[in-house]
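Please examine the sequence and the three-dimensional structure shown here.

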Amino acid sequence: MGKPTGFLEYERETGRVIPPEERIQNFKEFHIPLSRKMQQKQGARCMECGVPFCQSGMIIGGMASGCPLNNLIPEWNDLIYTGNWEQAWRRLLKTNSFPEFTSRVCPSPCEAACTCNLNGNPVSIKENEYGIIEYGYANGLMKPEPPKARTGKRVAIVGSGPSGLAAADQLNKRGHQVTVFERNDRVGGLLMYGIPNMKLDKSIIERRIQLMKDEGVEFITNADVGANYKASRLLKEYDSVVLACGASNPRDINVPGRESKGIYFAVDFLKMTTKSLLDSNFEDNHYVSAKGKNVLVIGGGDTGNDCVGTSIRMGAQNVTQLEMMPKAPDTRADSNPWPEWPKICKTDYGQEEAIAVYGHDPRIYETTVKAFIPNENGDVCAAEIVKLSWQKDPESGRMVMHEIEGSNEIIPVDLVLIAAGFLGSQSYVTEAFGVEVDGRTNVKTEPGHYHTSADKVYVAGDMHRGQSLVVWAIREGREAAQCVDINLMGYTNLD
């Protein structure tokens with residue numbers, strides 16, 4: 001374990017965060033990590049519990065408790081404490097394909113399940129993970145290690161998000177020849193264009209992609225399989241195909257005035273922003289600007305928060321964020337005990353920045369849009385919103401949403417960003433490969449398996465399980481790789 005009395009002697013500390021007023025001036029990452037010496041003290045706080053919920057990845061109360069990757073967290077916390085950083089690096093990579101991604105964007109179910117969180121503050125697991133992987137890069141440990149022998153088998157991965165990259169990395173390490181097909185102009189999928197640069201600097205992705213290229217993985221961009229690149233070609237030329245295209249269908253808001261100009265899906269807004277930033281530092285004007293506008297963000301999840309933070313950096317006059325659900329409590333309810341995921345109110349970086357800039361939290365709870373109002377040019381200029389009441393239906397027992405009569409309000413709006421979640425896989429891909437889908441349009445497999453209804457075709461990530469976390473995508477990519485390997489070789493030695 002770390003230090004037997006470490007959690008008593010040391011308080012939880014995390015790296016410094018650049019203040020909102022300063023960080024909104026650019027799109028750079030704004031977390032400054034602890035020194036290595038200070039990070040080792042944080043490793044000392046880990047008690048290596050007899051039952052380490054932090055690494056369990058169990059589903060409790062319908063939510064993940066602990067790390068879905070089953071990271072060996074107590075082990076590398078102890079190794080940090082004793083200064084064995086290289087060994088900590090080896091144990092971290094045993095279970096996690098891309099710690100440089102998860103240590104930046106994961107919401108840390110591991111910390112929520114930390115035993116110290118029961119009556120205090122959890123171990124700073126996420127920052128320990130960051131410290132380990134960045135130590136690996138800084139000290140030359142993250143170097144290409146191509147497989148010593150090739151199997152002669154060829155595998156195509158469709159999609160280069162976290163699940164596709166994880167599958168590609170594992171299958172390449174096994175010795176298969178792996179080619180990753182990406183429909184965009186840059187590799188990374190959700191990581192590249194779905195997550196803003198200030199949360200995950202794109203040089204971090206490019207650093208890892210170059211490493212994978214040096215290890216023998218081939219990447220083909222601008223290849224939209226099922227559209228400009230035939231699925232039949234992949235099935236003919238490769239021994240196996242893994243579909244990892246994500247849950248790419250954004251949920252729409254179908255209300256009067258939806259056809260007004262100035263209404264965008266959040267994923268398109270974020271993609272255009274990041275692409276223009278990378279291509280020209282916004283000089284090409286190939287993006288939707290929020291400068292001087294009243295922005296309405298519909299949706300309260302991570303994507304909605306990213307839209308808030310992005311709009312503020314662009315110079316929005318005001319940002320309003322609508323959430324249909326009631327505000328979560330500030331502390332755990334008795335019905336939500338540890339080690340369940342804490343269903344409490346979280347104020348993320350975008351909301352923090354809105355409070356600093358506008359003087360108030362941008363979120364309006366239990367509210368939805370009833371109509372968009374265009375001006376004479378067809379541009380959205382206002383929105384009619386209405387308050388909601390959630391009541392239990394006596395017949396089904398489910399909570400049902402009702403509009404509160406007389407609560408309608410008109411608010412000025414110049415730009416609308418719909419961040420209402422995703423509905424599942426895109427039909428042109430599933431139809432091209434002839435795979436079955438379920439009622440949510442996720443690709444169907446047997447429980448616990450990744451082989452689809454089509455011969456040689458596998459699936460992983462959000463396309464399989466629906467919209468989820470990066471850690472779940474990585475886990476699915478690794479497990480799908482095992483299934484492919486068994487089918488190709490008759491056994492697998494992949495972890």
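The side chain of Gln-321 makes a polar contact with the side chain of Gln-351, at 3.0 Å. A polar contact is a pair of N or O atoms within 3.5 Å; within protein, one must be able to donate a hydrogen and the other to accept it, and residues adjacent in sequence count only if both atoms are side-chain atoms. The model is predicted: local features need pLDDT of at least 70 and side-chain atom pairs count only at pLDDT 80 or more, whereas totals for chains, interfaces and linings use all residues. Residues are numbered from 1 along each chain as its sequence is written, and side-chain values use heavy atoms, with hydrogens and water left out.

Gln-321 belongs to strand E11, which covers residues 318-322. Strands (E, at least two residues) and helices (H or I, at least four) are DSSP runs, numbered from the N terminus. With a relative accessible area of 0%, Gln-321 is buried. Buried means under 20% relative accessible area, exposed over 50%, and partly exposed in between, with a 1.4 Å probe and protein chains only. Residues that Gln-321 touches include Val-297, Asn-305, Val-308, Pro-362 and Ile-364, when residues up to four places away in sequence are not counted. Contact here means heavy atoms within 4.5 Å.

Attention now turns to charged side chains. A salt bridge is a side-chain nitrogen of Lys or Arg within 4 Å of a carboxyl oxygen of Asp or Glu, and by this rule the count comes to 28 salt bridges. One of them joins Glu-111 and Arg-12, at 3.1 Å from N to O. This pair links distant parts of the chain, for Glu-111 is in helix H7 (residues 109-112) and Arg-12 is in the loop between helix H1 (6-9) and strand E1 (16-17), 99 residues apart. Glu-111 is buried at a relative accessible area of 10%, while Arg-12 is partly exposed at 28%.

Another salt bridge connects Arg-23 with Glu-352, whose closest N and O atoms are 3.2 Å apart. Arg-23 lies in helix H2 (residues 20-23) and Glu-352 in helix H15 (residues 349-358), so this bridge ties together parts that are 329 residues apart in sequence. Arg-23 is buried, with a relative accessible area of 2%, and Glu-352 is partly exposed at 35%. Arg-23 and Glu-352 also belong to a network of salt bridges that includes Arg-313 and Glu-353. Elsewhere, Glu-436 and Lys-444 meet in a salt bridge at 3.8 Å, N to O. Glu-436 is partly exposed at 44% relative accessible area, and Lys-444 is partly exposed at 38%.

What does the nonpolar interior contain? A nonpolar core is a set of buried Ala, Val, Leu, Ile, Met, Phe, Trp, Tyr and Cys residues joined through side-chain atoms within 4.5 Å. The largest such core has 62 residues, and those with the most contacts inside it are Ile-157 and Leu-165. Helix H18 gives the most to this core, with 7 residues. Leaving aside residues up to four places away in sequence, Leu-165 touches several residues, among them Phe-98, Phe-101, Leu-191, Met-212 and Phe-219.

Helix H18 itself runs over residues 470-489 and has 20 residues. From its first C-alpha to its last, H18 reaches 28 Å, close to the 28 Å expected at 1.5 Å a residue; the expected span is 1.5 Å times one less than the number of residues. Just after H18, Gly-490 takes a positive phi of about 90°.

Aromatic rings form a further group of contacts. Rings of Phe, Tyr and Trp (its six-membered ring) pair if their centres lie within 6.5 Å; planes under 30 degrees apart count as stacked, over 60 as edge-to-face and the rest as tilted. The whole structure holds 8 aromatic pairs. One of these, Phe-282 with Tyr-287, is tilted, at 4.9 Å centre to centre and 55° between the planes. Phe-282 is buried at 16% relative accessible area, and Tyr-287 is partly exposed at 23%. Ring pairs link Phe-282 and Tyr-287 with Phe-27 into a cluster.

Finally, consider a residue in a loop. Phe-422 is found between strand E17 (415-418) and helix H16 (427-433). Phe-422 and Ser-248 are 174 residues apart in sequence and 6.5 Å apart in space, C-alpha to C-alpha. Phe-422 touches Ser-248, and its other contacts include Pro-250, Val-267 and Gln-467.
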